[in-house]
Amino acid sequence: MFPNLKRDVGFPVIGSVVLFLALFGGGLIYQTILNNGSAERLVTTMLIDAIIVIGIQIYIGNTGILSFGHIGFGAIAGYVFAVYAISPEEKLKRIPTAPFGLTDTQVSPGLAILIAVVVTLVFAVIVGIGLARSGAQSGSVAATVITLALLFVTHEVAKSWPELTGGNRGGISFAIGESLEGRALILVVLFASMLIARLYGQSRSGRLAIAAREDSLAARAMGVNPLVQQMAALLLSVVIVSVGSSLRVWQIGSILPDRFFFDYAMLTLVMLIVGGRNSVTGAVLGVAVMTGARELARRLGQDGFEVFGLGLDEAPLDWVFRENLNSVVLGLAMVGFMIWRPTGILEDWEFDQWLYRRFGRGTQTEPGRLAELDDVPAATFEASGVSVAFGGFKALTNAGMTAESGEVVGIIGPNGAGKTTFVNVITGMVEPTDGAFSIDGVDLTGSASHELSRSGLVRTFQNLRLFGALTVRENVEIAALVAKEHRTERTLRDVDSLLAEAGLWEHRDRRARELDYGNSRRLELARAAAMAPSFMLLDEPTSGMSDSESLTMIEQVRHMAATVGAGVIVIDHDLGFITGISDRIYVLDQGQVIAEGTPDEVQANARVQAAYLGSAADR
Amino acid sequence: MTELLQNLIDGLGRGSIYALLALGVAVVFGIMHLLNFAHGELITIPGYLTYWAFNQGWNWWTVVPLIIVSAVLSSLLIERVAFSRVRGASDFTLLLTSFGVHFIVAAGFLLYVSASVKPYPRPGWFADTIAVGSLNIEVFDLAVIVVTIIVLAGTTWLLQRTMFGLALRAAASDFDTARLMGVKSDSVIRGAFALSGFLAGIAGVFWIMREGQVTPTAGINPMLQGVLAALIGGLGSLRGAVLGGLVLGLAEVLLRSWLPVGIQNLTTGFVFVMIALLFIFRPGGLLSVPQVERV
Amino acid sequence: MLEVTGLTTKYGAISALRDASLTVGAGEVVGLIGPNGAGKTTLLGSIAGLLPIDSGTIRFDGNDITSGAPEKILRAGLSLVPEHRRIFADMTVEENLKIGGVTRSGAERAELLDEMAELFPVLRDKWDTPAGYMSGGEAQQLAIARALMSKPKLIMMDEPSLGLAPILVDLVFELIDTLRAQGRTILVVEQNATRMLRAADRAYVLRSGEVVATGTGAELLDRSDLFDTFVGG
């Protein structure tokens, strides 16, 4: 579940303790200085906000999907908590005709929270399925609207079902607020939320969700099913939001439809975005910063500059310092950050990971070279009779090829010859009109991308698809995590050794998006190798490379493939590169295989020359 | 039968307003992939102007042009101040920017007007009905339907027959190529916002008349209906947006009349559930635009 | 007429063009050939203002147009027929052409429409059909006609024969001949090197983002090392 106990459990625990103490301690100091009831309320509110924002961070931060719906889930939890926790006497006043015999039921607040979590989870599963169906991925608009719709449904139902909710006017109020003495429960929950959020982010599921957030296509090509990880993140985040919302209701002692609506969704989102949505540290920082900013704005709005003890005769800027200034501050913060710093103050900087890199890791030595594998199970890739037609246009006609493990097979052809279509078919992006492909006789036609890579056919991308915000090492680690689960019959190579093998050891802590081109290509290769593939499919690995870079690439591809015992299928436009690297070559032209053979045979083939130079011999 | 016809007309009246709102959302979405959560502000702002104008002694004859003009100007202003700075940014950034704009406008009215409801008179003919056989048709519904038909016809003409319309469609289908042809990106985006504002202004005239009052958050409902209708029809499709609006309006009215009396006030909730089902079984909306995944 | 000096363009970390220079004189047909991935499309895209340029200058008709917006560069008289044609599939043939002439006055646009109908009889027959329904060859002609609608001083074509059947490739080259006969200036990126060299007055050979050879079409055809550039060696 955790790739590295020290990094993924130990330091997150330490980090959470520090974060917790910072937020709570800061609140305590503020409260001590001001020493009044409203300061105490403000701090309590901040701590509960922090729980809810951290809960939301688990979903938005790890999946990249913008959700307004978490406050809708919060509303569900809040109401469930309320109708279970308040006393029957109070219910007789507020909701005498509640359905399901709820009027007479009362349970302890703790149990009510539990019930609230369970009920809300049921809704979360339903919404999660809807999100998955809508093809939710990082930044997807339809998913966001679905979550927005959820927020409105809950609000609408809360307003228009007064028998259960007390409706818009009286709401439900109950006097259990004072039993939340010393905030012990809030503190426990807050610390737990921080810890859970950090542990999830470092866990296998969290890592895979983040990979999909960075690049859904590449994640699927590494065997990740984003929908599963998104659902996991959703459920976990809903649990925390539900607990936080129940505590909020408990704290205030009442619930109204508008408490969990647009304004609160806005507040929590701004808190998350300002600090940096991709990091728990950022979420906590955002809560602190926005609580402070709003409080300052509120008091400026009330008292103007007198807040600073300036007894001015004439109130300057009184057209700005008005009541409700804090709402404007929220809106301005949101738009301002989106325009000037959409990733927030901290981007994805995580305190405990910084701590780990600085103090926890100790010195590392570059692992030694890996020996080539010689006892790999033999595998055969076969594609036959593959045809693809788009409308009337035949992109591919009856194309076929085979490849054996240990072999490098090249596919080449001029622009528009059908190479890309062929790649799209055997990577599951395009369903062939006719034909099939298989590994060791297992038919893979029509499989999804993540199934293909789990079956042993792992691809790279022509235009480089790395998980940009993750480090070089983390990129490879993602693939290793999947391999550990789905490629157990193969020899799995250690992540550090693969990094060293690819010449990336010194770059291992850099973010993938900071790498230069050659290193990016090598990283893609190492990442694919970490999947312990039976076959690596390299799509134009030298596009944009100079001749000398291409030459070194030949060595690296061959070596990397031998290290994990994979066969290689390489598609490229550059005949020089292909002839240098391949044992056998297939030549495509106009959607058909026009030649097959060793590099020498192919180069001597008149049809190949014609296809390439368009010489008069053919046309 | 009579009741069904009656409901159909009511639904069309309601749906026409949604269709105009959705079309405005779709036009902007097509051109810069921005789902505009601030679209409702194009009703809030004219709403407050309406309140102000009636206090100044204006009447509906002069307020209607005020609503339309102010909606267009607001749309252009919001583009200029906020959206022009996030052109080409990620969808996440675009969504939150528009959400933030909604919030700033709402908070501005909260700050400088007040949270309380600001009423103004509805037009005198608002509740009038015309009897056609056994049907009682509301003049308001009739006006909405007629005006919507005229506006949609005009918009169709604009999009099909004018160079601006062609440029808009070209830019929506392939922005870079349209620029290669000489279409000016600034002009076409501003044009799209102006058109979106105009459509919101027409819808706003009826919305504002019907409400008879305005609050800082008055834009939330029209925004939601517009966005949902655009999504029901299929994001990116202009025809879909109109269709989505009509479907949404009809669904609301028909559902309200079919639901048992006890739970009629949950109509909106049920409409949402239906929409959710639609997305689950047809994720792209009614007239879905095929999405090609680029490698 | 067109003068490109020391152009370097990067895609993220990928260096797609390194210090590339070329010139096109008025009335010339200039070919740009090289293997796939050599940077030909990047070069045209950089000239047309679609791609950000890292260094180098582009001058056209004596004016500096480096890093101009595409719509400005078109107004300077440079028109690009993009790779994969990129016609507006939902719009009719006529509407596509009208968009091509968006910078022209109404009367001039009408004249140009007539001219295109004459030059491309195929289009006349499909005038009101959505362009998405056309075959590859027809779509290519539409893309070229659309670019001509702006009355460009120089027209750039990116792989006009891409994905076309041999007979349609012939048609494209005939079209280039026709346009040359009209005295137009043309810069063509083409993968079909031999055909291109025969059709062009001059040509540049690109490889790995660098200009590796230049000369008249005939000179380059005689270069025995040219095959190696494509096939490697």
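Before you click anything, one definition: a residue is buried when its relative accessible area is under 20%, exposed when over 50%, and partly exposed in between, with a 1.4 Å probe and protein chains only. You are looking at a predicted model, in which local features need pLDDT of at least 70, side-chain atom pairs count only at pLDDT 80 or more, and totals for chains, interfaces and linings use all residues. Residues are numbered from 1 along each chain as its sequence is written, chains are lettered from A and ligands numbered from 1 in the order in which they are written, and side-chain values use heavy atoms, with hydrogens and water left out.

**Stop 1: chain A as a whole**

Select chain A and zoom out. Its C-alpha trace spans about 90 × 55 × 50 Å along the principal axes. Color by secondary structure and you get 24 helices and twelve strands; these are DSSP runs, numbered from the N terminus, with helices being H or I of at least four residues and strands being E of at least two. Of the chain's 619 residues, 60% count as buried. Now think about contacts, meaning heavy atoms within 4.5 Å. Among contacts in chain A with a separation of 6 or more, 76% come from residues 24 or more positions apart.

**Stop 2: Leu464 and helix α18, chain A**

Go to Leu464(A), in the loop between β8 (457-459) and α18 (472-486) of chain A. Check its backbone: phi is near 60°, a positive value in a residue other than glycine. Leu464(A) is buried, at 18% relative accessible area.

Carry on into α18(A). This helix has 15 residues and reaches 22 Å from first C-alpha to last, close to the 21 Å expected at 1.5 Å a residue; the expected span is 1.5 Å times one less than the number of residues. Twelve of the 15 residues in α18(A) are buried, so the helix is largely enclosed by the rest of the structure. To see them, select Val472(A), Arg473(A), Glu474(A), Asn475(A), Val476(A), Glu477(A), Ile478(A), Ala479(A), Ala480(A), Leu481(A), Val482(A) and Ala483(A). What do the buried residues of α18(A) pack against? Show α1 (5-34), α9 (204-214), α19 and α20 of chain A and you have the partners.

**Stop 3: helix α21, chain A**

Next up is α21 (residues 547-564) of chain A, with 18 residues and a reach of 26 Å between its first and last C-alpha atoms, close to the 26 Å expected. Buried here are Ser550(A), Met553(A), Ile554(A), Val557(A), Met560(A), Ala561(A), Thr563(A) and Val564(A). If you're wondering about the spacing, an α-helix has 3.6 residues a turn, so residues three or four places apart point the same way. The cover over the buried residues of α21(A) includes α19 (495-501), α20 (517-530), β9 (535-539), β10 (567-571) and α22 (575-581) of chain A. Step just past the helix to Gly565(A), which takes a positive phi of about 70°.

**Stop 4: a helix pair in chain A**

Select α2 (residues 37-63) and α13 (residues 280-303) of chain A. They pack at about 145°, with axes 9 Å apart. Axes are lines fitted to C-alpha atoms, for helices over the stretch in contact, and angles run from 0 to 180 degrees between N-to-C directions. On the α2(A) side, show Leu42(A), Met46(A), Asp49(A), Ala50(A), Val53(A), Ile54(A) and Gln57(A); they meet Val280(A), Ala283(A), Val284(A), Val287(A), Ala288(A), Thr291(A) and Glu295(A) in α13(A). That set divides into ten nonpolar, two polar and two charged residues. For these classes, Ala, Val, Leu, Ile, Met, Phe, Trp, Tyr, Cys and Pro are nonpolar, Asp, Glu, Lys and Arg charged, and the others, Gly among them, polar.

**Stop 5: over to chain B**

Pick α1 (residues 2-32) and α10 of chain B, which pack at about 145° with axes 6 Å apart. Their contact has 17 nonpolar, seven polar and four charged residues.

Then find Gln225(B), in helix α9 (residues 220-233) of chain B. Gln225(B) is buried, at 11% relative accessible area. Leaving out residues up to four places away in sequence, Gln225(B) touches Tyr18(B), Trp207(B), Leu248(B) and Glu252(B).
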